[in-house]
Amino acid sequence: MQNKLVTILHRITVALFLIIALFPIYWMLNTSLKTQGEVYSKIPTFLPKNPTLNNFKYLIFETPFMNALKNSFLVALVVTVLSIIIAYPTAYSISRLKFKGRNTFAKVILFCYLLPSSVLYIPLYIFVSRVGLSDNIMGLMLIYPTFTLPYVAWILIPHISSIPYDIEEAALVDGCSKFKIMYQIIFPLTIPGVISTAIFAFAMCWGEYLYALVNITDTQAKTFPLIIAGLIYGDLYPWGQIMAGSIIGCIPILIIYIASSRFLTGGATAGGVKG
Amino acid sequence: MARIRKFRQNNMERQLPGSKKSFPYMLNIPMFLYLACVLFMPMIWGISLSFTDKAIGGEASFIGLGNYIKLINDKEYLLSLWKTLQFASISLLFKLLLGVLMAVVLNVEFKGRNIARALLLIPWTLPNVVAVLNWKWLFASTGGIINHILKLVGIIDKDIVWFGTAGLALATIIVANVWRGTPFFGISILAKLQTISKDYYEAADIDGAKVWQKFFYITLPSIMDTIFLTTLMSSIWTINEFETVWLLTGGGPNGQTQVMNVYSYKTAMASMQIGRGIAVSVLAMPVFLLIISLITKKSLADEKM
């Protein structure tokens, strides 16, 4: 009797969680396919009466949205690749080599990873304008590694540590050089970890708002979060377009998330999204 | 065995002499050079600017603690601290409770569990701006679905202006933040739950323990560490929240949702008082440093670094 009750309660809880998590997303999709008239109709419709792709068309052809997507993509891609290249040797040295200051290095990395952007955004705004990169996506490429680098290094450390030492020893016996061990033997074994950290680093840059807001005012250099947030003006917000933009902005994230879900292992990489 | 030990000894010795000693440091040069130039240098310079009257486009002259004295006498600033505390504590509490609940229900075997887990993670994978704009639309006073549903079930009879009413505006921000942040708690705690041995529960079953007894005597004690760490990390991000508030309410009505970061943004970027804007962050630093040092202690101890 008690067990049955618990099972029913359990199913209801799961269902409630699913409804709360997914309803806003369904509503986003629903709204994006409606006309402005239907969006603001007295009684909201749960399915669009005359489904239309006009919101998407308008966004793609009449606004700088596509250019913004391209900017976001470029920034996220460049920053992610650079972060992996630069952070991997650091992570390797901290998890594998014994040297003085190793502990301190690890602490500095964790400190930088946890340091909130609110502390940095004004100094970095001045820094970027001094080096002449405001209103330029290069400015964002310069700034974003301040959070992706420590994140990638910090998450890669346990991944590298989990690789058995014996492999390295065998390679040493064979006379492998240290660089070769690091890149040709350990790196391939770290690939699953690298992929999942890369995904989260990409997602962090892709949706970043505060730094972009402060440093970019030129429409040509705007990233997509700025463009869709910028659609909020006037009296009647164009919710259809805003939701269409939101959906397009989610797609790359969802695709890489689903495609690589087998690499995303539990809580290990969870800190990639700050919420 | 002896050969392996001998080999390990040789290996250690090999690392020591000559140029090899610098190898670990060489590996660290690119990253720490970058962090020194783009993170620490600007940060230190920024802190020094907080002792000046630097404005956008203007020259900086030293004014000592002027910015700090103005801040602690500024009612708007003090209100923003209070609002940050309110927002962060309520938000964290809900994220934690719902996160534990989510982890516990996902830890039970049932048909479709993997799909449910993947679906429940979606809110947390979305870009924050997208999530926030979505909630802005759900709570909209004209055409918003939440007003409509509340009218349908008869809780209200007139549209509520969510973003224009003090308490409700704060509630919308909390809802948006909790909706996106809960899966982080859920997935972290779930990962820990899956390491608890089933033997404990079986032994408890034999002793005739009730569901809630198993939860309070077996589950909760084993996930305490994870709860502590997750809450600390999330507290940094929650205190640091900007875009949820900025895009939903802009800090209104009447500063009733103006959290610290929105105040700092308005001071530095809209009023162009860079120095005072940085002073806001500097005053918050001790809190962040305390949380960071707690996390460092905890996670470095866990990994035996």
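**View 1. Order of the elements in chain A.** From the N terminus onward, the elements of chain A follow the order α-α-α-α-α-α-α-α-α-α-α-α-α. Chain A thus labelled comprises 13 helices and zero strands, where helices (H or I, at least four residues) and strands (E, at least two) are DSSP runs numbered from the N terminus. This is a predicted model, in which local features need pLDDT of at least 70, side-chain atom pairs count only at pLDDT 80 or more, and totals for chains, interfaces and linings use all residues. Residues are numbered from 1 along each chain as its sequence is written, while chains are lettered from A and ligands numbered from 1 in the order in which they are written.

View 2. The C-alpha trace of chain A spans about 75 × 70 × 30 Å along its principal axes. Of its 275 residues, 47% count as buried (20 or more other C-beta atoms within 10 Å of the residue's own, with C-beta atoms placed from the backbone). Among contacts in chain A between residues at least 6 apart in sequence, 76% join residues at least 24 apart; two residues are in contact if their C-beta atoms, placed from the backbone, lie within 7 Å.

**View 3. The side of chain B that touches chain A.** In chain B, 74 residues are in contact with 76 residues of chain A. Helix H2 (residues 23–49) of chain B supplies the largest share of this side, 15 residues. By class, the side has 53 nonpolar, 18 polar and three charged residues; Ala, Val, Leu, Ile, Met, Phe, Trp, Tyr, Cys and Pro count as nonpolar, Asp, Glu, Lys and Arg as charged, and the others, Gly among them, as polar.

Technical notes. A residue is buried if 20 or more other C-beta atoms lie within 10 Å of its own, exposed if 12 or fewer, and partly exposed in between; C-beta atoms are placed from the backbone.
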